[in-house]
Amino acid sequence: VLLAFVLSAATENVYYVGGWQPSDPAAVTKLLAPLFQDYLTQAVGSKLDPPARFVFKPVDIDLSTSSRPMILNDEVHMLYVPNGNIACKAAEFSWVPLATQRNLFGGVTTGCDAMVVFSRRNNTAVTKMEDLKGKKAAFGYLLSGATYLLGYQRLLDHGVHAYRDLAQVRFYGSAYETYYKAVMSGELDVGLATSSWLATNHGKEMDQLRVLDEGEGLSFEGEAYPAPATSLVPSYGLIVSNK
């Protein structure tokens with residue numbers, strides 16, 4: 001009802017919904033289009049006057065799908081993203097959160113998706129952030145908050161400059177699995193990932209990981225983002241343009 005009310009005031013009858021998952025664009029579209037394209041068109045769009053059609057677009061998968069220029073160019077009107085991204089868009093563009101997801105994980109209800117700086121637990125040379133000087137690190141891509149920007153800042157907060165103090169920095173884009181394996185094999189010392197990706201893909205291996213950073217950043221609905229990185233809980237929400 002709220003979604004229909006917000007959008008009924010618009011004059012356009014086509015709304016573009018951007019969505020993110022840690023995967024490639026085709027897989028993200030296959031996963032999310034049935035909900036944010038087909039279902040919204042049928043369940044919400046048909047009740048609007050004039051009727052509206054929703055079209056799904058993958059966002060923030062790579063440089064070509066960065067959500068910020070898509071927002072500025074009016075190419076997306078809604079986003080389904082982690083709560084940290086919602087906080088960013090609400091602050092920068094005055095977008096309006098419509099719904100946030102709460103998950104029951106380990107007996108605790110939460111809505112956090114953390115940026116995780118992780119290493120192998122048996123890598124005794126790296127037990128805290130300050131140990132990363134002279135070590136090898138894996139990042140995602142340059143426009144990623146969770147797999148580069150937040151981690152870069154957290155390194156600085158601990159006195160480690162990524163390009164001056166690390167022995168090697170590698171960018172893997174959205175190939176999370178590739179650099180996860182590189183860290184776990186000892187090829188690299190540390191990597192950045194979202195807690196939701198780790199929990200979904202390697203939840204049974206958490207005892208083999210060491211979480212190096214539990215810093216806090218943005219907050220949304222009273223929850224810190226990144227939340228304590230040991231809370232490996234996936235969460236996303238829906239935010240809509242104020243237009």
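Modeller: What follows goes from the whole chain to a helix, the aromatic rings and the backbone. Please note that this is a predicted model.

Biologist: Understood. How many helices and strands does the chain have?

Modeller: The chain has eight helices and 14 strands.

Biologist: And what share of the residues counts as buried?

Modeller: Of the 243 residues, 50% count as buried. The chain exposes about 11400 Å², and carbon and sulfur atoms supply 54% of that area.

Biologist: What share of the contacts joins residues at least 24 apart?

Modeller: The figure is 71%, taken among contacts between residues at least 6 apart in sequence.

Biologist: Let us turn to H2. Where does this helix bend?

Modeller: Helix H2, residues 25–43, bends by about 60 degrees at Ala 33. A proline, Pro 34, follows within four residues.

Biologist: Which residues of H2 are buried?

Modeller: Ala 33, the residue at the bend, is one of the buried residues of H2. Val 28, Leu 32, Phe 36 and Leu 40 are buried too.

Biologist: What caps the N-terminal end of H2?

Modeller: Asp 24 does. One of its side-chain oxygens lies 3.2 Å from the backbone nitrogen of Ala 26.

Biologist: On to the aromatic residues. How many aromatic pairs are there in the whole structure?

Modeller: A search finds 10 aromatic pairs. One of them is formed by Tyr 15 and Phe 54, with 5.6 Å centre to centre and 35 degrees between the planes, a tilted arrangement.

Biologist: Which parts of the chain does that pair link?

Modeller: The pair links distant parts: Tyr 15 is in strand S1 (residues 14–19) and Phe 54 is in strand S2 (residues 53–58), 39 residues apart.

Biologist: Why do Tyr 15 and Phe 54 count as buried?

Modeller: Tyr 15 counts as buried because its relative accessibility is 3%, and Phe 54 because its value is 1%. The cut-off is under 20% relative accessible area.

Biologist: Why is the pair of Phe 118 and Tyr 180 described as tilted?

Modeller: The ring centres of Phe 118 and Tyr 180 are 5.9 Å apart and the planes are at 35 degrees, so the pair is tilted. Phe 118 lies in strand S7 (residues 115–120) and Tyr 180 in helix H7 (residues 176–185), so this pair ties together parts that are 62 residues apart in sequence. Phe 118 and Tyr 180 are both buried.

Biologist: Which residues form an aromatic cluster?

Modeller: Phe 139, Tyr 148, Tyr 152, Tyr 163 and Phe 171 form one cluster.

Biologist: And what sits over the ring of Tyr 16?

Modeller: The charged end of Lys 57 does, 4.3 Å from the ring centre.

Biologist: A change of topic: the backbone. Which peptide bond is cis?

Modeller: The bond from Asp 49 to Pro 50 is cis, with omega near 0 degrees. Pro 50 is found in the loop between H2 and S2. As background, most peptide bonds are trans, and most residues other than glycine have a negative phi.

Biologist: Where is Asp 60 found, and what is its phi?

Modeller: Asp 60 is in the loop between S2 and helix H3 (67–72). Its phi is positive, about 60 degrees, although Asp 60 is not a glycine. At 13% relative accessibility, Asp 60 counts as buried.

Biologist: And Ser 94: buried, exposed or partly exposed?

Modeller: Ser 94 is partly exposed, with a relative accessible area of 44%. This residue has a positive phi of about 60 degrees, again without being a glycine, and is found in the loop between helix H4 (83–93) and strand S4 (96–100).

Methods: Residues numbered from 1 in each chain as written. Predicted model: local features only at pLDDT ≥ 70, side-chain atom pairs only at ≥ 80, totals over all residues. Heavy atoms only, no water. Helix = DSSP H or I, 4+ residues; strand = E, 2+ residues; numbered from the N terminus. Buried < 20%, exposed > 50% of the residue type's maximum accessible area, 1.4 Å probe, protein only. Contact = heavy atoms within 4.5 Å. Areas by Shrake-Rupley, 256 points an atom, 1.4 Å probe, with all protein chains shown as cover. Bend = angle between axes of the 7 residues up to and from the residue. Polar contact = N/O pair within 3.5 Å; in protein donor to acceptor, adjacent residues only side chain to side chain. Phe/Tyr/Trp six-rings, centres within 6.5 Å; stacked < 30°, edge-to-face > 60°. Lys NZ or Arg CZ within 6 Å of the ring centre and 35° of its normal.
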